[in-house]
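Please examine the sequence and the three-dimensional structure shown below. The report that follows treats the domains, the sheets and the surroundings of the ligand.

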Amino acid sequence: MAQDTTKFETVMYELKPRPAVVKSIEDLSPKYRRIVLTGEGLSDFNSVSPSDHIKLMIEVDGEAIRRDYTPRTWANGDLTLEFALHADGPLTSWARNAEPGSTVTVLGPRGSVIVKPVFDAVVLVGDDTFLPTAGRALSEFSDQLPMTVIVEVDSAAEEIGLPEGENITVIWAHRGDRLPGEALVEALAGVELPEGEVLYYAGGEATAMRDVRRALLARGVDRANLKLSGHWKRGESDFDHHAEIEE
Ligand SMILES: Cc1cc2nc3c(=O)[nH]c(=O)nc-3n(C[C@H](O)[C@H](O)[C@H](O)COP(=O)(O)OP(=O)(O)OC[C@H]3O[C@@H](n4cnc5c(N)ncnc54)[C@H](O)[C@@H]3O)c2cc1C
C-alpha cells in the first residue's frame with residue numbers, strides 16, 4: 001500500500017558498508033545485551049528515525065551473514081545496538097561472544113521513514129527485538145506527544161529500563177511458555193486505545209504481527225496509521241522482513 005505522504009516522508013541514502021569495532025558491552029537483562037560500536041569507518045554514519053535499521057554483516061565459515069538491527073542511539077561516533085539473545089542464529093551467537101575489539105560490518109541504513117508531526121499519540125507494540133525502536137522513540141518523541149508501549153518479553157527478569165515520563169505508559173507482557181505474540185495480543189486486548197489520530201507501530205515475530213494487526217483492525221484502527229514489521233519468523237532463519245505479513 002502506498003505510504004500517505006501527508007503523514008510519512010521517506011529519505012534514501014547511499015548504501016555503504018562500514019567497518020566497526022566493539023567498544024563496550026552491557027547486559028541489561030539475562031537475555032538482552034547492549035553493544036556500542038565505534039571506529040573511523042562509522043565517521044559518516046547517520047540515523048535519523050527510530051524505525052531505521054541497518055544490516056550487521058559477519059562471515060561464518062566463509063559465508064557472508066547479514067541480519068537486521070536497529071540503531072538505538074548514534075552520538076559522538078558511537079553506534080549503540082541492542083540484542084535480544086533468544087535466536088539460535090549466527091548473528092545472535094556473534095553478539096553473545098562479542099568482546100571489546102571484536103569487529104563487524106555495518107551496512108546502511110538504506111533509508112529512513114520520518115513521521116510528520118500530524119499525530120495525537122503513538123502506540124508501540126512488539127517483542128524484545130522491538131525494544132531498541134521503542135526505547136529510541138520514547139527518548140526522542142515523548143516530550144511531544146503521549147506514547148504507549150506494549151512489549152512482550154520472557155518474564156519479569158527480562159524487563160529493561162525504558163525512558164519514563166508523564167507522557168509515557170509502558171505495559172510489559174510475559175511470554176512464559178507460550179508461543180511468541182500470544183501474551184502480546186492478550187495484553188493489547190486490555191489496553192484502552194488513545195483518541196484522535198494515532199500512529200500504531202509494531203515489530204516482532206511475523207505471525208504475531210498478523211495477530212496484532214487483526215486485533216487492532218477489529219478495534220477500528222485506521223489501516224493507514226498502522227505500520228508493522230515482521231522482525232523474525234519462528235522456525236525460519238534470515239527471515240525477509242519485506243515479505244508481506246499475512247492478513
Ligand atoms: C527492521 C528490523 C530491525 C531489527 N532490529 C533488531 C534489534 O535491534 N535487536 C534485535 O535483537 N533484533 C532485531 N531484529 C531481529 C533480528 O534481525 C532477528 O532476530 C534475526 O533473525 C537474528 O539473527 P540470527 O542470525 O541470530 O538468527 P537467524 O539465523 O535469523 O534465525 C535462527 C533461528 O532463530 C530464530 N529466531 C530469530 N530471532 C529470534 C528471536 N528474537 N527470538 C527467538 N527466536 C528467534 C529463527 O526463527 C530461527 O529458527 C530486527 C529485525 C528487523 C527486520
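How many residues of domain 1 are in contact with residues of domain 2? The count is 14 residues of domain 1 against 15 residues of domain 2, where contact requires C-beta atoms, placed from the backbone, to lie within 7 Å. The model is a predicted one: local features need pLDDT of at least 70, side-chain atom pairs count only at pLDDT 80 or more, and totals for chains, interfaces and linings use all residues. Residues are numbered from 1 along each chain as its sequence is written.

**Domains**

The protein is divided into domain 1 (8–111) and domain 2 (117–232), with bounds taken from an automatic or database domain assignment. The C-alpha centres of domain 1 and domain 2 are 23 Å apart. On the side of domain 1 that touches domain 2, strand 2 (17–29) and strand 7 are the elements that give two or more residues. Helices (H or I, at least four residues) and strands (E, at least two) are DSSP runs, numbered from the N terminus. By class, this side of domain 1 has six nonpolar, five polar and three charged residues. Here Ala, Val, Leu, Ile, Met, Phe, Trp, Tyr, Cys and Pro count as nonpolar, Asp, Glu, Lys and Arg as charged, and the others, Gly among them, as polar.

An open sheet of seven strands has the order 5-4-8-2-3-7-6, and its pairing is antiparallel. Its edge strands are strand 5 and strand 6 (73–75), each of which pairs on one side only. From one strand to the next, the twist averages 35°. Two strands pair if DSSP finds at least two bridges between them. Strands of a sheet pair through backbone hydrogen bonds, either parallel or antiparallel.

Within this sheet, Glu59 has Ala64 in strand 5 as its bridge partner. Leu79 in strand 7 stands opposite Leu37 and also opposite Trp74. Strand 6 and strand 7 form a hairpin with two residues between them, and Asn76 in the turn has a positive phi of about 50°. Six of the seven residues of strand 7 are buried; a residue is buried if 20 or more other C-beta atoms lie within 10 Å of its own, exposed if 12 or fewer, and partly exposed in between, with C-beta atoms placed from the backbone.

Helix 1 lies across strand 3 (32–38), strand 4, strand 5, strand 7 and strand 8 (103–107), and runs at about 85° to strand 4. Axes are lines fitted to C-alpha atoms, for helices over the stretch in contact, and angles run from 0 to 180 degrees between N-to-C directions.

An open sheet of five strands has the order 12-11-10-13-14 with parallel pairing. Strand 12 (168–174) and strand 14 are its edge strands, each pairing on one side only. Direction ignored, neighbouring strands of this sheet are turned by 10° against each other on average. In strand 14, Ser229 is the bridge partner of Gly203.

Helix 2 (residues 131–141) lies across strand 10 (121–127), strand 11 (147–153), strand 12 and strand 13, at about 160° to strand 11. Helix 3 (residues 182–189) also packs on the sheet and touches strand 10, strand 11, strand 12 and strand 13; its direction makes about 135° with that of strand 12.

| Strand pair | Sense | Bridges |
|---|---|---|
| Strand 4 and strand 5 | antiparallel | seven bridges |
| Strand 3 and strand 7 | antiparallel | six bridges |
| Strand 6 and strand 7 | antiparallel | three bridges |
| Strand 13 and strand 14 | parallel | six bridges |

**Surroundings of the ligand**

Where does the ligand lie relative to the domains? Domain 1 and domain 2 both give residues to the shell around the ligand, so it lies between them. The shell has 28 residues, of which the closest are His86, Ala87, Gly89, Thr92 and His241; a residue is near the molecule if its C-beta atom, placed from the backbone, lies within 6 Å of it. Strand 5 (63–69), strand 7, helix 1 and strand 14 (226–232) each supply at least two of the shell residues. By class, the shell divides into nine nonpolar, 11 polar and eight charged residues.

Ala87 lies in the loop between strand 7 (78–84) and helix 1 (90–97). Ala87 counts as partly exposed because it has 15 C-beta neighbours inside 10 Å. Leaving aside neighbours within four places in sequence, Ala87 is in contact with Thr92 and Trp232. The C-alpha atoms of Ala87 and Ser237 are separated by 9.1 Å, although these residues are 150 residues apart along the chain.

Terms used: Contact = placed C-beta atoms within 7 Å.
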